[in-house]
Amino acid sequence: MTDKYDVLVIGSGPGGYVAAIRAAQHGLRTAVIERDRLGGICLNWGCIPTKALLHGADVAHTLENLRPLGFSTSGVEFDMAQLVEFSRGVSGRLSDGIGYLMKKNGIDVISGTARLAGKGVVGVREDGDSASPLTEYRADHIILATGARPRSVPGVTPDGDRVWTYFDALVPRELPKSLLVIGSGAIGVEFASLYHDLGSAVTLVELAPQIMPVEDASVAGHVRLQFEKRGIEIHTGASVSELTVGAGSVAVTVKCADGSLEERVVERVLVAAGVQGNVENLGLEDVGVEVDRGFVTTDEWCRTTAFGIYAIGDVAGAPCLAHKASHEGVLCVDKLAGAPHVTPLDKDYVPGCTYSRPQVASLGLTEDQARATGRSLQIGQFDLQASGKALAIGEAEGFVKTIFDADSGELLGAHMVGPEVTEQIQGFGIARSLEATGDDLADVVFAHPTLSEAMHESVLSALGRPINM
């Protein structure tokens, strides 16, 4: 039995390592338990390596569209293995950086697989083997930050070769000539965009009536239009009814919205149908931690149904986003440490970002959701075709849409699609946090020419006084 810790964090992803650092900043003796690499899925198999690959796709798109700017290229070659190596290098560097932060903050890193072994006790096996020695650690507070993994689809079994999860799609041995993507959430849409820009023929299959089901319908419709213009084949209200893996291809039967069946033969299939929490083999049932539909149940302070045990990030449910996990890590630790002025997280206003081409960023209610509240609304939209900066960089497809409560001026929703909108959505997040009204935002001076001017113009449109449209 080791000395007792104040805080033990199971998992070192963007929720776990941030929670550990915040606990150390409060002067609490802290340790992180990690069975793989520091940084979790986000740094090693999610957000970061995906964005590195998407940067390569952006370069490919730029190279194909140089002539209007007076350039021409010849003899340009592409090496998929080199791009993957770049991506893995970025992940490795950041993972090493987490190790540095652990040392800097005096946080112990315990390698192994953890299991709750009683009240305030965590057992760890170094290699995850049930036959290996078990070491027990005690703590007043135990934070579960075990993340999530790809969700399976009935009748479709990933094999790491012809049928991929996003883990496999991050490290392909070669660029597939054709790819069918099942699911059109952020993961599916990003990989569809990425692989198409690199040269694959892409088909996207979504069970819901629209792609990007959680996004505003107008945004989803715009992305679909842009994808189809690029040559990406899209089926909504559809499912994969049969899949047969051959020696060098996959035969897929797609059941379309009208009930008809369409056959496709592709080199690879990517299952991108969401994620499920890593709740198995943690001993949750032994200590009274409740699980609902594959995710740990928590209250507004990230407390589980077992005293002294907390859950943050993906394992605690939607939205399964790295920045939500980090925020919960700080919120959770501040509350258990007795810090003043801790505020619960309003999950409706956690920004969602999709780094496809075009990019999508949003927070708050969609138009349909806002109308369902029965409030009187003010809705504004500004098309990037009227943006000087968007036209100047040749990226004028997209718009910004804002939704306000007409009586109070409260910002209810913001939805953006177009170039670098993922870098701009935080402006609306700040406004919401500071309780800025539409009139307040209208009074802000936006620099010209910038892409963010479209945010201002959208607000003015909602107030009924647009200038540049």
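Trainee: Let's start with T30: is T30 buried or exposed, and why?

Mentor: T30 counts as buried because its relative accessibility is 2%, and buried means under 20%. Keep in mind that we are reading a predicted model.

Trainee: Where in the fold is T30 found?

Mentor: T30 belongs to strand 2, which covers residues 30–34.

Trainee: Which residues does T30 touch?

Mentor: Leaving aside residues up to four places away in sequence, T30 touches Y5, V7, A20, A23, A24, G106, I107 and D108.

Trainee: What other strands are joined to strand 6?

Mentor: Strand 5 (residues 121–125) runs antiparallel to strand 6, with 5 bridges between them. There, R125 has L134 as its bridge partner. Strand 19 (residues 309–311) runs parallel to strand 6 and is joined to it by 3 bridges. In that pairing, L144 stands opposite A311.

Trainee: How should I read a sheet order such as 12-13-14?

Mentor: Read it as the order of the strands across the sheet. In this case 3 strands form an open sheet, and their pairing is antiparallel. Strand 12 (239–245) and strand 14 (261–266) are the edge strands, each pairing on one side only. From one strand to the next, the twist averages 20 degrees.

Trainee: How many bridges join strand 12 to strand 13?

Mentor: There are 6 bridges between strand 12 and strand 13 (residues 250–255), and the two run antiparallel.

Trainee: Can we finish with a helix? Which elements make up the β-α-β unit?

Mentor: Follow the chain from a strand, through a helix, to another strand. Here, strand 10, helix 7 (residues 217–230) and strand 11 make a β-α-β unit, and it is right-handed. Strand 10 (residues 201–206) and strand 11 (residues 233–236) pair in the parallel sense over 4 bridges.

Trainee: Which residue stands opposite E206?

Mentor: Look for T236 in strand 11, which stands opposite E206.

Definitions and conventions:
Residues are numbered from 1 along each chain as its sequence is written. This is a predicted model: local features need pLDDT of at least 70, side-chain atom pairs count only at pLDDT 80 or more; totals for chains, interfaces and linings use all residues. Side-chain values use heavy atoms; hydrogens and water are left out. Two strands pair if DSSP finds at least two bridges between them. A crossover is right-handed if, with the strands pointing away from the viewer, the path from the first strand over the helix to the second runs clockwise. Axes are lines fitted to C-alpha atoms, for helices over the stretch in contact, and angles run from 0 to 180 degrees between N-to-C directions. Buried means under 20% relative accessible area, exposed over 50%, partly exposed in between (1.4 Å probe, protein chains only). Contact means heavy atoms within 4.5 Å.
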